[in-house]
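Visitor: I would like to learn how to read salt bridges. Can you take me through them?

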Amino acid sequence: MGIIVNKNNQQDNELSRRISADLREKALQASGVVGDEEVPDFAEDSEYVQDFKKTSRFGWVWVVLIVLAILSVISIVFF
């Protein structure tokens, strides 16, 4: 013998959306952020990354060269 249970997913989705929005708003208020402004990230100002340089626009070339080197080593070893 079984029990058939019908759930109204639309109401559940609406309720979970409202709860999520309420929790997000409370978390933003607790963190001191007002509205939709972006939270500043001070990672670039930290001492650890102080002397780092940004990657140039041709940084992708290094990735391609490394992948080609790995593929050539694999082809030499296995073929």
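Guide: We start with the ground rules, then turn to the salt bridges and the chain as a whole.

Guide: This is a predicted model, where local features need pLDDT of at least 70, side-chain atom pairs count only at pLDDT 80 or more, and totals for chains, interfaces and linings use all residues. Residues are numbered from 1 along each chain as its sequence is written, and side-chain values use heavy atoms, with hydrogens and water left out.

Visitor: What is a salt bridge?

Guide: Side chains of opposite charge can pair when their charged atoms come close. The rule asks for a side-chain nitrogen of Lys or Arg within 4 Å of a carboxyl oxygen of Asp or Glu. Here that gives two salt bridges.

Visitor: Which side chain does Arg17 meet in a salt bridge?

Guide: Glu14, at 2.8 Å from N to O. Both residues lie in helix α1 (residues 9–31), three residues apart, about one turn of the helix. A helix is a DSSP run of H or I, at least four residues, numbered from the N terminus.

Visitor: Is Arg17 buried or partly exposed?

Guide: Partly exposed, because its relative accessible area is 48%. Buried means under 20%, exposed over 50%, partly exposed in between (1.4 Å probe, protein chains only). Glu14 is partly exposed too, at 35%.

Visitor: Where do Lys26 and Asp22 lie?

Guide: Both lie in helix α1, four residues apart.

Visitor: How many of the 79 residues count as buried, in percent?

Guide: 3%.

Note on methods. Helices (H or I, at least four residues) and strands (E, at least two) are DSSP runs, numbered from the N terminus.
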